[in-house]
Amino acid sequence: MTFFQLMRRNACRKRFRATLLMFSVGIAFLIYALTASFLGGSQGAAGASDNLLGVFNKSGRGLPLPFAYLNRIAADGDVAAVAYTARMRGFVEVEKNVVMTSAVDPRSIAAANGDELGLTSALIAALEEGRDRVLVGRALAEAQAWLVGQRISVTSQLIKADGSRDWSFVIAGIFEGANASTDTYFMLARYDTINAARARDKDTVDAFVVRPRQGVSPGVLAARIDALFANSAAQTRTQSEKQFLEAFLRQFADVGLIVSLVVGAAFVTILMITVNTMLSAVRERSFEIGVMKVLGFSQGRIMTLVLGETLFIFATGGAGGLLLARLATLLIGPEFGLAFSLSVLLKSVAILAGLGLLTGLLPALNAMRLPIVNAFRTR
């Protein structure tokens, strides 16, 4: 029998107990992986950019800004590119099926934010082919089962000049986003089409998207942009994409703190349960440990054996929890913005190994220090 086989058989000696431990560890890592995937996904701020700036109305992000601000922002020498967007909220078929449309200038948005969104020259050309063309994000397209060339109808809160709320578009292409954490649950439409057809707020935008030049501090540029309109009727507040998402999430709760508390509580509970269980397991096998020492097992091998048993339990349970988390991110739907990335996996493995070693340390030390005479007395 190899050392690994001995370790595995000792860990699974009482199968029901081992199964419960593995199940508990799996649930803890399922919770951790899902919450970490949320923070790393499009609904969190972990993947947001510190270098991309958004210029909003200081009185409220739902209030418009004059389109004329565009030229004043673009005139700043530290601005590499500037785009604008007008947001249109609506639904498809039923009111619960909400979709968001950003009305943009194709060339401007490609220059300012094209790399993050995955806007290729072919997609931009497709958007410019017709006034009713739209580009749909991959997450939204998969959620709605939309295909390129399909005509869709969106019922919006934005009223058209003819009194209608129905907006008809043709899907010209699907943009993928730079990575899994990029939000692609929305559409890009042409600003000139939306602006010409809407009944109110013509020649206004909801936000400007600004990319600073290389080496320019985003914070310094943001302050300078706000100073341009300090005495205007519509003052501005400029924030990075990361700051905006963090502020938005804090309106509901401190997501990072909640995640830390929930995951911390789960891990502390698992730590206490596993330590207590492994201490009991070592006490039950005191006589066997004494026999192993008589047969020539060193203290180091005894300690390694007990640590290996704990790591085996954590590895098996943790792998199951991470696998379930991965499946959940694939099945739950892209609209939740879950991104089970490589960084989430690596952090999970590191925590798993750390907890396994920490949990098994005290039982392993007890087994290593157990005198042979005391071990034989337990018989």
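Which residues of H13 are buried? The points below take this up.

1. This is a predicted model, in which local features need pLDDT of at least 70 and side-chain atom pairs count only at pLDDT 80 or more, while totals for chains, interfaces and linings use all residues. Residues are numbered from 1 along each chain as its sequence is written, and side-chain values use heavy atoms, with hydrogens and water left out.

2. Helix H13 covers residues 342-369, 28 residues in all; helices are DSSP runs (H or I, at least four residues) numbered from the N terminus. From first C-alpha to last, H13 reaches 40 Å, close to the 40 Å expected at 1.5 Å a residue (1.5 Å times one less than the number of residues). At Leu361, H13 bends by about 40°, the angle between axes fitted to the seven residues ending there and the seven starting there. Pro363 follows within four residues.

3. The buried residues of H13 are Val344, Ser348, Leu352, Leu355, Gly356, Thr359, Gly360, Pro363, Ala364, Ala367 and Met368. Buried means under 20% relative accessible area, exposed over 50%, and partly exposed in between (1.4 Å probe, protein chains only).

4. Thr310, in helix H12, is buried, with a relative accessible area of 0%. Beyond four places in sequence, Thr310 is in contact (heavy atoms within 4.5 Å) with Thr274, Met278, Gly356, Thr359 and Gly360.

5. Thr274 belongs to helix H10, residues 255-284, and is buried at a relative accessible area of 2%. Apart from residues up to four places away in sequence, Thr274 touches Leu21, Thr310, Phe314 and Thr359.

6. Leu327 is in helix H12, residues 299-331, and is partly exposed, with a relative accessible area of 40%.

Methods
Helix = DSSP H or I, 4+ residues; strand = E, 2+ residues; numbered from the N terminus.
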